[in-house]
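Biologist: Please take me through this one. I'll ask as we go.

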Amino acid sequence: MRGVCIVGVLLCLSLVSVAQEPTFKSGTRVVPVIATVTDAGGRLVPGLAKEDFTILDNGKPQDISFFLSEATPFTVVVMLDYSASMTANLELLKAAAEQFLLRLLPADKGQVGAFSDKIQMSGTFTSDRDDLIGALDDLQYGNPTRLYDAINESLAALRPVEGRKVVLVFTDGADTASRIGMGDVLDRAKEEEAMIYAIGLESEYFNGARQVRTRPDRGLKRLADETGGGYFELKKSDDLAPTFTRVAQELHSQYTLGFTPAVLDGKEHKLTLKMRDPKMNGRARKSYIASPERLSDTK
């Protein structure tokens, strides 16, 4: 496919061996849709075909012109809550994040970061898992919790990246000090087509006067739902490592679909993903902007 310039999903064609590559008409524009499919028990479902999916654009079924079931590379920022409430669980959190980083494939890239009263990042995106794991020990903790500022900074780091963009954020509490709100972060994630995964933990800590029970910020679930990521809320710190591992498994088990929109009106369109088997659950982003500048070009 000569001259392919597909920002995001279709870049993977040069990186992944595909038995039968789809054929595109010159100059067509494709809306990429990354789908995670689980069964009634929450298990990931492999081996599906294009016919198992239906994509609705503003309620109208679309012809799926692109389909890929192989793992595709992604670039991720792993952003961790290092505020005072996490002091007792910090070593468990670092060990859990390490399990995610160990499962990155050679073509994946990442950075690690932490947030409290400050926001830190490891510096540059790399495929070196040892470097990423080592960088976890360089992060510093503090207080309070700039959750949405941290996600916004993660999106800023991902902005120049081509291909799939992911933010994996962990927190045990609500945002207490950000300069930017959840709505602005959501708008940016949708604008820049980044997928947000969020892990929240209920925890207890002593604030110097009494025991305090924390709850993860309520906005995280909406960020994940709207961008096609996943949200996991935990009650036990022992569940951290399995959950970080699950996120890695999901990111390497997703389906890539694409369709050519009927109109390019520059407006936000609602996306709905439906499964042929009603026992299956498909997750994907819930909207896209129908403008030529925002879509993947297959000319």
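**Pocket and sheet**

Modeller: In this predicted model, the lining of the second largest pocket divides into six nonpolar, five polar and seven charged residues. Gly counts as polar here. A pocket is an open set of 1 Å grid points where a 1.4 Å probe fits, with protein on both sides within 12 Å along at least five of seven lines; lining residues have an atom within 4 Å of a point.

Biologist: Which residues lie nearest its centre?

Modeller: Of the 18 lining residues, those are Asp225, Gly229, Gly282, Arg283 and Lys286. Helix 5 (219–227), strand 12 (231–234), helix 6 (240–251), strand 14 (268–275) and strand 15 (281–283) each give two or more residues to the lining. Helices (H or I, at least four residues) and strands (E, at least two) are DSSP runs.

Biologist: Change of topic. What order do the six strands of the open sheet have?

Modeller: The order is 7-6-5-8-9-12, with mixed pairing, where a pair needs at least two DSSP bridges. Strand 7 (119–121) and strand 12 are the edge strands, each pairing on one side only.

Biologist: How do strand 6 and strand 7 pair?

Modeller: Strand 6 (residues 109–115) pairs with strand 7 in the antiparallel sense, over three bridges. Phe115 stands opposite Ile119 in strand 7.

Biologist: Where does helix 5 touch the sheet?

Modeller: Helix 5 packs on the sheet and touches strand 8, strand 9 and strand 12, contact being heavy atoms within 4.5 Å.

Biologist: What cut-offs apply to the model?

Modeller: Local features need pLDDT of at least 70 and side-chain atom pairs 80 or more, while totals for chains, interfaces and linings use all residues. Numbering starts from 1 along each chain, and side-chain values use heavy atoms, without hydrogens and water.

Methods
Axes fitted to C-alpha atoms, helices over the stretch in contact; angles between N-to-C directions.
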